[in-house]
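Keep the sequence at hand.

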Amino acid sequence: MYDKVYLIDSENISDEWADILDRMGQQDAIFVFYTDKSAHISCQRVCKLMQQGVGRVWWIKCFEGNNALDFQLVSELGAMIGREAAFEYVIISKDNGYNSVVKYWNDRGITLSRQGTKWEEKEEKKPESAVCSGAGTGEAEECCGKHPIKDGFTRELLKSVDIMDNTLLYAVLTAFEGQDAGAECYRQLRDMGKENKEEIRELLLKDRQKRGINYMRLLLGRNGMPAEDAEGLYKNILEGSKKNKDKYRKALIGKYGQESGERYYRVTKAHYNYVKKI
């Protein structure tokens, strides 16, 4: 199973997608969907693909036609999700038509997003001084930058994480949404007025255990895992040592079996210390 899979709509973007190789993890993979109409790749990026792309970049030749590549990409995405090929999926394309696909799968607990190329992401970012116009309302989670969060996700997360705890809030948002998207959402929340923050703070659950279980439920949902295990996992984290995660991993394997225990560990380990601070 991959950590993250990138699906490239090569008819829609330039060869900048190849720069993903510079920042992708060892357990990530790129699937390039191409036709004869796809953008040509520069010699510099061809060299990068030859040096770094072996075993990490897969090429899928598509039939040509109106939106034909898009349909084939989405079909392959569905097949990947069905066989649990990765923990996270990213469509690389400027085509907003994929947004409905992103929302469809996000609403079903699958971590999927759409991104443009690197330079487009920078160009489209909102200024840091922008204040969330939906502060204190159900719209708040819709204006936290461009990143893909399903409806109500931020509101639910703020039931577990205090909006006034800037350090923890930043860490949690970047853990869930990735560095760029999480940082943008954090800035939007940070820059809200005091009155709006106090209003949103009312969402925070008073009971620590309820905060922790809610957090785990959200984490499991984003990774397509059963929410009923949220309480058990939360208790395992509380009982585990901050410095010895291997003990926590072994406890999960003992409770859920080798395969499920390893998967639970892989999904929760990046959030382990944050859950202890909630």
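A residue counts as buried when its relative accessible area is under 20%. The model is predicted, and that cut-off applies to E177, which is buried because its relative accessibility is 12%. E177 lies in helix α6, residues 166-177. Its partner is R222: the two side chains meet in a salt bridge, 3.2 Å from N to O. The pair links distant parts of the chain, with R222 in helix α9 (residues 208-222) and E177 in helix α6, 45 residues apart. R222 is also buried, at 5% relative accessibility.

The structure holds 15 salt bridges. Another one joins R201 and D162, with the closest N and O atoms 2.7 Å apart. R201 sits in helix α8 (residues 194-201) and D162 in the loop between α5 (153-157) and α6, so this pair ties together parts 39 residues apart in sequence. R201 is partly exposed at 33%, whereas D162 is buried at 16%.

Now a local pair. E184 bridges to R187, the closest N and O atoms being 3.1 Å apart. Both lie in helix α7 (residues 179-190), three residues apart, about one turn of the helix. E184 is buried at 5%, and R187 is buried at 15%. Elsewhere, D246, R249, K250 and E262 form a salt-bridge network.

Finally, helix α2. Its 15 residues (68-82) should span 21 Å at 1.5 Å a residue, and the end C-alpha atoms are 21 Å apart, which agrees. Its buried residues include L69, L73, L77 and I81. The buried residues of α2 pack against β1, β2, β4, α3 and β5. After the helix comes E84, with a positive phi near 55°.

Definitions and conventions
Residues are numbered from 1 along each chain as its sequence is written. This is a predicted model: local features need pLDDT of at least 70, side-chain atom pairs count only at pLDDT 80 or more; totals for chains, interfaces and linings use all residues. Side-chain values use heavy atoms; hydrogens and water are left out. Helices (H or I, at least four residues) and strands (E, at least two) are DSSP runs, numbered from the N terminus. The expected span of a helix is 1.5 Å times one less than its number of residues. Buried means under 20% relative accessible area, exposed over 50%, partly exposed in between (1.4 Å probe, protein chains only). Contact means heavy atoms within 4.5 Å. A salt bridge is a side-chain nitrogen of Lys or Arg within 4 Å of a carboxyl oxygen of Asp or Glu.
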